[in-house]
Amino acid sequence: MSNHISAKFFGFVYSPVPSEVFSGRLPDLTNRLRRYLPRHEPHTISGFRLQVNESGVATQQINESHQELHMVDAQGLWGVKVGNTGVSFSASNYVSFEDSVTYIEEIVAIIAEVLEIYYFSRVSLRNINLFGLLPGEDNRFQDIQDESYWGRQEFETLQDGFVCNGASTRHEYFSHDYQTQIQLASGVVLRKQSYIPQDEWDIWKLRGGIPVQNESDAMLLIDINGTRSEAPMNVPDQQNNVTEYRWEHVRRSFELLHEVVNSVYFDITIKD
């Protein structure tokens, strides 16, 4: 099987820790995690209110804000963002699922102890895949089963003076029990453009810089983003239900989600 993963993301959402408790325990949490993640900085996310009037649209900063702890390992492979409602992990290169889950278990064990995590509501797994151009082609890509479906869509009106690099497809899927959601999107990344989602740039800056695509004039990006919730997302009286935190429960949710995300990748790519 071909492997085109250029970045991986994992998420673990737990029941909210009161903001004042989270802020008070950040020093201890930082100290406990710095063995694994020596580069770190606090990060404050401020709230904004959108105002629309006759003069136009304006944003106003409001007092609502929350803190996050951003940390990166010595090699820059793993980045971790810890907040009072969850933790996200990013890997800057391919790491096997088993190795990833083993690493995440070590970090989550410390977070759960320091922040006193008792329940969790969902996990997520996201793979950013990059595919190079076929030799001599400008809109067909390697290892893809249906190149015309994933390639750029050209329109006569936009032929001159425009370059298409937007998403050629975006779909959302739910399992029949409404506990698993898959978002599937694609786009073309031109030379010197970044393939990292913009809301993750802050953790890549802590690594040392935001990577860009420099392998060819264009590469196909396929983003497979999965979420598994502990309760049905479409049942109002159950959708906020949570599960008692035990690592074996979290791991099982990751495993179920991994099976689906991998199957989607198999459907998209050419079999060896």
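**Surface patch and salt bridges**

Mentor: In this predicted model, Tyr-118, Tyr-119 and Val-242 make a nonpolar surface patch of about 310 Å².

Trainee: Why is Val-242 called partly exposed?

Mentor: The relative accessible area of Val-242 is 39%. Val-242 sits in the loop between β9 (218-229) and β10 (243-244).

Trainee: What makes Glu-116 and Arg-25 a salt bridge?

Mentor: Their side chains meet at 2.6 Å, N to O. The cut-off is 4 Å between a side-chain nitrogen of Lys or Arg and a carboxyl oxygen of Asp or Glu, so the pair qualifies. Glu-116 lies in the loop between α2 (97-115) and β6, and Arg-25 in helix α1 (residues 19-33), so the pair ties together parts 91 residues apart in sequence.

Trainee: How do you know that Glu-113 is exposed?

Mentor: Exposed means over 50%, and Glu-113 has a relative accessible area of 53%. Its salt-bridge partner, Arg-32, has 32%, so Arg-32 counts as partly exposed.

Trainee: What makes Arg-191 and Asp-217 a salt bridge?

Mentor: The N to O value for their side chains is 3.3 Å, which is within 4 Å. Arg-191 is in the loop between β8 (180-190) and α4 (201-207), while Asp-217 is in the loop between α4 and β9, 26 residues apart.

Trainee: How many salt bridges does the whole structure have?

Mentor: The search finds eleven.

How values were computed:
Residues are numbered from 1 along each chain as its sequence is written. This is a predicted model: local features need pLDDT of at least 70, side-chain atom pairs count only at pLDDT 80 or more; totals for chains, interfaces and linings use all residues. Side-chain values use heavy atoms; hydrogens and water are left out. Patches are made of residues with over 30% relative accessible area and no salt bridge: like charges are joined within 9 Å, nonpolar side chains (Val, Leu, Ile, Met, Phe, Trp, Tyr) within 5 Å. Accessible areas come from the Shrake-Rupley method with a 1.4 Å probe; for residues, only the protein chains shown count as cover. Helices (H or I, at least four residues) and strands (E, at least two) are DSSP runs, numbered from the N terminus. Buried means under 20% relative accessible area, exposed over 50%, partly exposed in between (1.4 Å probe, protein chains only).
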